[in-house]
Amino acid sequence: MHIPLVDLKSQYEMIKDDIDEAIQRVVDRTIFIGGEEVAAFDREFAEYCETEAAIGVSSGTEALRLALIACDVGPGDEVITAPSTFIATVEAIAQVGATPVFVDVEEETNNIDPDLIEAAITSRTRAVIPIHLYGYPADMDRICDVAKRHSLKVIEDAAQAHGARYKGRRVGGFGDAGCFSFYPGKNLGAYGDAGAVVTNDQQVAQRVRLLRDHGRRDKYEHLILGYNGRIDAIQAAILRVKLRQLDRWNDARRSINCIYRELLQDSHVRLQEEGPTVEPVYHLFVIRSNDRDQLRESLHDAGISTGIHYPIPLHLQPALWHLGYKRGDFPVSEEIADKVVSLPMFPELSQDAAQNIAAEIVEVRNAWVTKSR
């Protein structure tokens, strides 16, 4: 057998007619930038996220960058975030002229540790970016409480958490802005790059709308200097089709999660812990293994693809050496980076395939544990 980490072709085949019709609709109208498809997606995604506004942009990275600017974060400011994530989070911080400041993550959830945020705050701190890593919501009550006491902006990195809930509410709407990526492999993925900013603050929404489209209010009237950060109409049309399937797809991911969790209980691997206040969407299903490389090799030999998200924590990335961090500064993030393995996770993964993956892990790990005794 061969089981991929992600299977976008299977998903397309299930919604092919609707996708093809949506693309053809844009082509027939010949409105490829802006227009009704973009306006409709903005409305529909805001409704889905339970926020006052959503603004489609060209990527998840651009969503973060424009949200930071719209929240008045810029040169000389500091932004607190976690080193256990993709580099786009800190790229956006650096691109607006601010400095990323890292704090470690919780061992149980892989998300930013709220107890460590306060000690990292200085007179230059302007914002906090919690990351809902792997589709698992961060502890927004505690994070927002610290931010409120220190008058900090909160910008949620929800790039992997489309539809996730914290205490019954969709993520993205807790802070001043929430940022989503629609990279093709995401729970809600475009057929190219795309992203969105959601917010309940109309001033933030209006600024992001201006910033994404050259700062213009009318075709040749520009209120501010902005960017070319627009979402394409074809991507908006595709996302409108897929948005209607998102809850069903997330439910399928939850079913796969249940299979993995039940069958891996005695496999000598560590699973991400789940609390009663969160409803994750399992963009990734990540385990930790002391014998990661050997485990991945054995799964590969069995036809099972795996990944590592992420093997190098951001404070140890060559591009960020100038920040002055070193190995040992964030031990939890480093340990996670050394042990994590991502298992196949996509809505079309069959229950039989998920059971086979778990059974293979149990067999491999139990054999190693027995051998080491």
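The legends below describe close-up views of strands in a predicted model.

**View 1. The open sheet of β7, β6 and β13.**
Three strands make up this open sheet, in the order β7-β6-β13, and their pairing is antiparallel. At the edges stand β7 (169-170) and β13 (278-279). Each of these two has a single partner strand, so one side of each is left without a neighbour in the sheet.

**View 2. The pairing of β6 with β13.**
Strand β6 covers residues 165-166 and is joined to β13 by two bridges. The two strands run antiparallel. Y166 has V278 in β13 as its bridge partner.

**View 3. From β4 through helix α7 to β5.**
Strand β4 (residues 125-128) and β5 run parallel and are joined by two bridges. The bridge partner of A127 is K153 in β5. Between these strands the chain passes through helix α7, which spans residues 140-149. This β-α-β crossover is right-handed.

**View 4. The pairing of β5 with β8.**
Strand β8 is formed by residues 177-181. Three bridges link β8 to β5, and the two strands run parallel. D157 is paired through a bridge with C179 in β8. In a regular strand, side chains alternate between the two faces of the sheet.

How values were computed
Residues numbered from 1 in each chain as written. Predicted model: local features only at pLDDT ≥ 70, side-chain atom pairs only at ≥ 80, totals over all residues. Heavy atoms only, no water. Pairing = 2+ DSSP bridges. Helix = DSSP H or I, 4+ residues; strand = E, 2+ residues; numbered from the N terminus. Right-handed = clockwise from strand over helix to strand, strands pointing away.
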